[in-house]
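Student: I want to go through the side-chain contacts here. Keep it brisk, please.

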Amino acid sequence: MRMRVRRLLLAGAVLVVATTDAAAQTPTPTQTPPPATTPPPATAPPPTTTPPVTAPPAATTPPPATTPPATATPPPPTSAQAQVFGKVLSVDDAVAIALDTQPNIKARISDYVAAAFRVDQALAPLFPQITANFTAATSKNVSSTAFFPTTSGRTVTTSSESPFDPTVARITVSQMLFDFGKNFASTEAARKLADVALEDTELQRQLVTQTVKESFTNINFAVRLIQVQQQAVDRAELNLRSARGFFEVGTRPKSDVARAEVDVANARLDLIRARNAERLARVALATAMGLPATTPLTIQDNLVYQPVALDRARLGEDALRMRPEYRQARLNAEANEARLRRSSRDFFPDITAGGFYGATRGDLNEAWEINLNLNWTIFDGGNRIARYREARANLDAALARVKASELDISREVEQSVNNVIEADERIQAAQVAVASAQENFRLAQGRFDAGVGTILELTDAQLALTQAQNTEAQALADYRIALARLDRAVGRR
């Protein structure tokens, strides 16, 4: 029954590889990507509200800096790239593509298939062993004889040749009758290691899923920062125009203009860094999905606050049940237990039945034999005892690692839950800070335009608003990443 289950698992793994390759080779029809949004002009008044956190835009398009020049000829898309061209990808879409195309997952599947075949290798000695042998050779023996004839008195030497053609044709059959469970224990250990390789496949899927989710969120975080920094540039340029106007009419000193110019330059530097961070995030997402780094991606905005209910006890139980690392630790312990049984059987003999049937000599006379062998190593210098003690120590270490895995998983789940709660609270506080910073900037700008406020007061209010908006975007991104890491800590994809 175990053999049938293992062969079904092996067939399923091979089918997954074949299906994955077929899916990667099937192109999907391309569509025209949506046009990139145009940033607001520099003369537009600064907005007084931040983007809503409860309703994301329909799609997030890359900034103009990431669009290739119109004169450049793009390389032909590969079959994997064709799956994303002209599509607005959600998180689930990106994860599905990564699970189909990521080569690290395919490598783990092949490792499992190889481990499953090692089970067959361990089981093979329990079946009859049949070998065929045919040997043909030609040899010649030459002999010489000397004697003295009585009539002539001369010595006469004679020689003779006797050809010999030894020919052997034989079929040998041997069957292990009883080995006190040695091969069964080896097979069980190999089967457990194959199951470890299967769990490694699931582990790689979960790691890829987590990486895709985090890279997806980082792109949206970078896009949100671009929006915030673009607004900061617009506000700084508006303040610069106001400062120049006041200076020209003689109501403000030249230092106000210089300070406003510095603010514009700093805001543009932050915008450049935000755009580069967005480009790097897109490269990270493409490679995490198993696509070339230059693949253009259009994704949805996932920086949305969605409260979740957390049950710490239930999450801990689910983690021990679903985490592949914990199952691997237990399987390794079971494999070491099987190795220990195998080492304990080395102190007993092997009983083997065998025989051969064939023909020998030039005339191929019939020959056959039936035998029964008992092989028992009485003393080998303590080698078997040392192997047994080594297997016992390995089992103790594997059991300790099972306990360590339980503690690690419990710690990761608790930390992930705390990170989700902390990010949730930061979102609430950041939204209040943004509203306050907007009101403070509005008042400072009004005082400056009325001629009763200073440029320092205005730039401080502008910097506080930009920092509050950045903090809000960071809190939203940390919240989505914390949820992705919580899924990973629990063992969910």
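**Side-chain contacts**

Tutor: Start with F448, which is buried at a relative accessible area of 0%. Buried means under 20% relative accessible area, exposed means over 50%, and partly exposed is in between (1.4 Å probe, protein chains only).

Student: Before we go on, what are the ground rules?

Tutor: This is a predicted model, where local features need pLDDT of at least 70 and side-chain atom pairs count only at pLDDT 80 or more, while totals for chains, interfaces and linings use all residues. Residues are numbered from 1 along each chain as its sequence is written, and side-chain values use heavy atoms, with hydrogens and water left out.

Student: OK, rings. How many aromatic pairs are there?

Tutor: First the rule: rings of Phe, Tyr and Trp (its six-membered ring) pair if their centres lie within 6.5 Å; planes under 30 degrees apart are stacked, over 60 edge-to-face, the rest tilted. That gives five aromatic pairs. One of them is F246 with F448: the centres are 5.5 Å apart and the planes at 75°, so it is edge-to-face.

Student: Which parts does the pair of F246 and F448 tie together?

Tutor: F246 is in helix 4 (residues 182–249) and F448 in helix 8 (residues 383–450), so the pair ties together parts 202 residues apart in sequence. Helices (H or I, at least four residues) and strands (E, at least two) are DSSP runs, numbered from the N terminus.

Student: And F347 with Y388, what kind of pair is that?

Tutor: Edge-to-face, because the ring centres of F347 and Y388 are 6.4 Å apart and the planes are at 70°. F347 lies in the loop between helix 7 (324–345) and strand 7 (350–360), and Y388 in helix 8, so this pair ties together parts 41 residues apart in sequence.

Student: How accessible is F347? And Y388?

Tutor: F347 is partly exposed, at 31%. Y388 is partly exposed too, at 29%.

Student: Which residues form an aromatic cluster?

Tutor: F178, F180 and F348 form one.

Student: New topic. Which ring does the charged end of R170 sit over?

Tutor: The ring of F356, 3.8 Å from its centre. The test: NZ of Lys or CZ of Arg is within 6 Å of the ring centre and within 35 degrees of the ring normal. The charged end of R235 also sits over a ring, that of F441, 5.5 Å from its centre.

Student: How many salt bridges does the structure hold?

Tutor: It holds 32. Each is a side-chain nitrogen of Lys or Arg within 4 Å of a carboxyl oxygen of Asp or Glu. Among them, D350 and K182 meet at 2.9 Å, N to O. D350 is in strand 7 and K182 in helix 4, so the pair ties together parts 168 residues apart in sequence.

Student: Is K182 buried or exposed?

Tutor: K182 is buried, at 7% relative accessibility. D350 is partly exposed, at 21%.

Student: What about R426 and E422, how far apart are their closest N and O atoms?

Tutor: They are 2.8 Å apart, in a salt bridge. Both residues lie in helix 8, four residues apart, about one turn of the helix. R426 is partly exposed at 27%, as is E422 at 36%.

Student: Where does D478 come in?

Tutor: D478 meets R426 in a salt bridge, 2.6 Å from N to O. D478 lies in helix 9 (residues 455–490) and R426 in helix 8, so the pair ties together parts 52 residues apart in sequence. D478 is partly exposed, at 23%.

Student: Which residues do shared partners join into one network?

Tutor: E188, R191, K192 and E334, through salt bridges that share partners.
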